[in-house]
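Here are a few notes to read alongside the model. Have a look at it before going through the points.

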Amino acid sequence: MALVGSEKSKTVFFFVVSQILMVVALWSLYDEGVLRRPWKHFQNEFNQLELQVAQKEYDRVYKDFVSSGKDKKLNQLLLDLEKAEQAKESDEFQELAAKKAALQIEFDDAEMGIKFNKSILDAYYYEWKHAFQQNHDYKEAEKKYKDLDAKINADKEGLKKIEKDLNGVKEKIAAYDKKIEGLNEKIYQLKKPLADAEGVIENIQTRQNEITQIVVDEYGKQGNIYWGRVDRCQTCHIAVDKTGYEDVTKAFGLKVVKDEEALKKALEEDFSKKGVLVTEKQRDHMQIMYGTHPRRDALLASHSPEKFGCTSCHGGDGRGLQIKGLEFGDDVVAAHDYLGASSGYVAGAFGHEDKAHATHHHGVEPLLRGKQEQSNCLSCHNGQIYIPHGDQITKGASLFVDLGCHGCHLVEGYSDLFKAGPELNKVANKVNPTWLVDWIKNPKNYMPNSKMPNFGLEDEEVVAVASYLVANSKDHSLAERSSLLGNAQRGESVFNEVGCRGCHNVETDEATYAVRSRAPNLGRVAVKIKSNEWLFDWLKNPKNYSQHARMPSLRLSDQEAADLVAYLSDLGKDYEAVLNKRSGKLAAKIDVHNQDLILKGKTVLRKRGCYGCHNLDGFDGMDRIGPELSAEALKTTIEFDFGDALKEGFEFTDVYGDKVVVAHAEERAGMPTQDLLAIAENNLKEQGNALAKGETVTNLVDGWQSWVRNKIRYPMSIYKHDRASLLMPNFRLSPEEQDALLTFLKALQKRDVPYAYNHSRQPYMQDVIKGQKLVAKYNCTGCHNVWEAGGDINAYLDKKNGGKFTQYYPPSLDHVGEKIRPEWLYEFLKAPTVYRPQTKVRMPNFDFTNEELNTLMQMFAGMNKRDPQMSEARYALHAHYIDAAKAIAGPEAYNCFSCHLVNGRTPGDDPANWAPDWANMGERLQHDFIPKWIKNPVKYQKYAVMPGFLNSDDEAHPDYLGGSAEEQLKALRDYILSFEAGNKVISSPVEE
């Protein structure tokens, strides 16, 4: 046992331990309160930005308050108020108050005395009547009653006098209070703008940090169990569903400079601008964090955050609120694989440990950014080709359909589509052999924007395929022949006017070829078509050549067809020498008698899956050659075959002759792809592998985006190895097309969405989706606007007419189901007629099958949620309405016939001023649509020339039908319907 006083002191040890514990405790509090709650920073920053704006607004209001002299007026009012309040302390006021008190006591005593006497009076009344009924002496009781009653009446008169005196005193006292109240009201109204501005500041200053949470109970499913979805996204993205923040620079009064260097320089010159000046990157970051949702009115109206949340569309972890790797104030831009700065979209200041957006290593559903944002649209819109407000996903879906990807790859919802290419069973009757081999070898040589890809076939394979097609080509009997002499100049006019421009271009410049069109560019068609006789027959009736032909009949006269032949057969004749030089010798090798060569051609056609895009006898019932892509987005890296490309510096030459170097670079948090590629290229140069002229470099990052993008860019080259059978051809898609197709492929996840959220599963949408596929098949959007797409021909019509002439535009199809009577529409689609003679663009005859007609009818009805049944009864019209409408439509009122035709009679010599014939409207238009159109035509056709009428009684003509707009609309409706035979005009009131 140690002696007392000889023990070693542990003071230092306990002090150090206590300090460590204190530091740990403080750090824990800081970590818990700040680092683990970054959302507080965003809310505080948003509040600070709003506070700046509120303070500026207060300063502005105060400046206006002073400059207008309101401050002086306020001071005078305050002095007047003070005097008015002091007046209540004067001897005069005190005397009035004392007199009021005395009179009040006198009034109360007198009133109480009357009440007491009334109770005694009731007793006297009882004694009097009781004695009277019992035959007793009642005279004394009667006298007592009447004497007391007289006294009460006298006391009431006295009470009235006291009350009058009391009220007179009260009015004098109230005058003092009224003056004070009036001054206070004037002061309040004068100070209100300042008080309101102060209130905004106070409201911002007293806001509490809080988590905004939305729970969508039925969204999210595992098996048969719905576990719901929790979204806290608006905790940080505060103004997503608010108006006024569409542009944060305007909302917060910010000014933008290019970069940090420019910001530093500006602040050195004027430091007072701190908090007002921001860099472009900071602005972009703030727009994402604090801006209103893009296209809020359109998107959130049908995708309310309260119903859908945010993550159902955007991905990410809705529960998560932690964002690791973020330094507040840093404007680093994150890139997620191929997206980021190169996509023109700033993703935000988040690193790869971002828990809220699930970009960390274990993130199940990472946030969709940039051009990928619309990938989740197909979760609820599966099978649709046109998705309103989804320009990127629509472009991707349209590319998938137009390029014929579905011919090789099965995708759920897109399996019942038309074949993308033309029928090949009679091809030898149609095309020149030299063109045929040239086309098979590389379609892009003839038409750079061709949808037909390059299969990278060897010359022998090209000759074999051509030999097979020619040898097995069926005879074609021309149904239409003409000896008329065509005129190329007139043919050009026909081509430009009747509607050919809705599908075809004829310009061969680089800019035109840069745009991929739905139908072939005809700028070099002269070297393609074998004979003018075939071309004439084709133009007159495409179905005669092929029942699968998508080209419609424009009901051309023989002369028009002959003129078109003369025009088209001269387009690209100068290209014939180029074609012959490039492929003439190869075409000479076609041998329709060499069975081995023909068999080889059939083998190539089968191996390459050509039957997936082309109707070709002998290949019926064969399966798609490519893998199913219905869940392509769910593939992980381990499921991809990288072939030999995993070798550092792997080189190959693609089918177009480009030498490509595959480089590897470390994927770094927040680094855009363009920077990664720069590192890859630099690494190659440092290794002595400097890029030669014409070489390209592609980055191989271990991820879904990179693999799929490279597969699309170099399908037959980049992932090759000894045992690989790479059959996918090269479509040579532009970067924008690659982005769109990637967005579509990223959407293929087979997500199980509850019925209430699944737009595609709604009954009417099934009809719309089927119709969309027909619209895509026949390229209706080449002429018509529908689903925010199409109207391609309108730009040419504007150019041709030297301005914007919407009168010549084919009509929008968005409201056809609401607008057009089913029976008329059915007959029109079956056999189109002219109902707008000023429009030279013709509605073609597509020779729809009954099934196709029914599909279109149901589509139009489904788009506007109408009954497609042709059961609309004839309408009973009121003569009084019609008589009134004749005057309303006449020159003394709205003068409708200054624009509208009537029974073919035109309103003037200028077709640009003509409107549809009233005589045709009754049989064409739904009766309940007519008033809606008259009130607001632009709502139903955005480029309508007609102005709106009768939106209120103020716009109604006062001399007719009581000046009622509603009645006049009914009258115009009945007048229009009266032109239709079969509608009965009656004299009794209309039953509505």
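1. How exposed is E163? With 36% relative accessibility, E163 counts as partly exposed, because that class sits between buried (under 20% relative accessible area) and exposed (over 50%), using a 1.4 Å probe and protein chains only.

2. Before going on: this is a predicted model, where local features need pLDDT of at least 70, side-chain atom pairs count only at pLDDT 80 or more, and totals for chains, interfaces and linings use all residues. Residues are numbered from 1 along each chain as its sequence is written, and side-chain values use heavy atoms, leaving out hydrogens and water.

3. E163 is found in helix α5 (residues 139–205). Look for the salt bridges too (a Lys or Arg side-chain nitrogen within 4 Å of a carboxyl oxygen of Asp or Glu): the structure holds 36.

4. One of them joins the side chains of K88 and D177, at 2.7 Å from N to O. K88 is in the loop between α3 (70–87) and α4, while D177 is in helix α5, 89 residues apart. K88 is partly exposed at 27% relative accessibility.

5. K474 and D617 also pair up, at 2.4 Å from N to O. K474 is in the loop between α17 (459–471) and α18 (488–498) and D617 in the loop between α24 (595–607) and β7 (650–653), so the bridge ties together parts 143 residues apart in sequence.

6. Finally, T781 is buried, at 5% relative accessible area. Its contacts (heavy atoms within 4.5 Å), not counting residues up to four places away in sequence, include Y386, R518 and D792.

Terms used
Helix = DSSP H or I, 4+ residues; strand = E, 2+ residues; numbered from the N terminus.
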